[in-house]
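Visitor: I'm new to this one and would like a slow walk through it. Could you start with whatever term I'll need along the way?

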Amino acid sequence: MVPRSVVLLLCASACGPRSSPPEDRPPDILLVSLDTVRWDHTTVGGYRHDTTPHLAAFADLPGSVLFSRTYTDGAWSQPAYVSLFTGQHALTHGVGFRSISLDPGQATLASMLRAHGYATRAFTSGPHLSPTTGIDKGFDTFGHTGLLRSISGQVDPALDWLTDAGDQPRFAFVQGYDAHTPYS
């Protein structure tokens, strides 16, 4: 089975010119997801064409962690993203199947990071990541548009936010729908 999305996780030293955090400070985290992009059709995934050169350059930065064997348990984006943020199987959390929103008592990656002192922010688009699903739980700011937007419009604001001076560790989630329609 080929992963349905590309997920790239980058940590502090990869995020910009900010001075190195103290040894006891957790790293900044940038989670990038490209909806409907097949791993085996990316530059970093070994595709014969240079389809994602910027992603490949980003993945080569010091501190980057690239997950090359990620698989979704959701047949479509909404339950898949909720699974990504809860660690639960789509049929367990039920969003997109028997429920339109996450149980309010459910912990998410953002809520757990926030509880550990992280500032959290999302840069998302498209109808599948609507705050009505509860996926925004734990984010200080959940930037969202209902339009299927390109990741290119999300990256610069996310990097600006991550590289802004401050002592608090940061978690940013950046997502785009570049390949979603028309799948080319």
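Guide: A charge is said to sit over a ring if NZ of Lys or CZ of Arg is within 6 Å of the ring centre and within 35 degrees of the ring normal. Here the charged end of Arg 170 sits over the ring of Trp 161, 5.0 Å from its centre. Please keep in mind that this is a predicted model, in which local features need pLDDT of at least 70 and side-chain atom pairs count only at pLDDT 80 or more, while totals for chains, interfaces and linings use all residues. Residues are numbered from 1 along each chain as its sequence is written, and side-chain values use heavy atoms, with hydrogens and water left out.

Visitor: How many helices and strands does the protein have?

Guide: The protein has five helices and six strands, where helices (H or I, at least four residues) and strands (E, at least two) are DSSP runs, numbered from the N terminus.

Visitor: Where is Ser 83, and is it buried or exposed?

Guide: Ser 83 lies in helix H2, residues 77-86, and it is buried, with a relative accessible area of 9%; buried means under 20% relative accessible area, exposed over 50% and partly exposed in between, using a 1.4 Å probe and protein chains only.

Visitor: What does the side chain of Ser 83 make a polar contact with?

Guide: The side chain of Ser 83 makes a polar contact with the side chain of His 93, at 2.9 Å. A polar contact is a pair of N or O atoms within 3.5 Å; within protein, one must be able to donate a hydrogen and the other to accept it, and residues adjacent in sequence count only if both atoms are side-chain atoms.

Visitor: And how many residues of H2 are buried?

Guide: Nine of the ten residues of H2 are buried, and what covers them includes strand S2 (29-34) and helix H3 (90-93).

Visitor: Changing topic, how many aromatic pairs are there?

Guide: A search of the whole structure finds six aromatic pairs, counting rings of Phe, Tyr and Trp (its six-membered ring) whose centres lie within 6.5 Å, with planes under 30 degrees apart called stacked, over 60 edge-to-face and the rest tilted. The rings of Phe 85 and Phe 139 have centres 5.9 Å apart and planes at 75°, so this pair is edge-to-face. Phe 85 is in helix H2 and Phe 139 in the loop between strand S4 (119-125) and strand S5 (141-145), 54 residues apart.

Visitor: Which residues form the aromatic cluster?

Guide: Tyr 81, Phe 85, Phe 139, Phe 142, Phe 171 and Phe 173 form one aromatic cluster.

How values were computed
Contact means heavy atoms within 4.5 Å.
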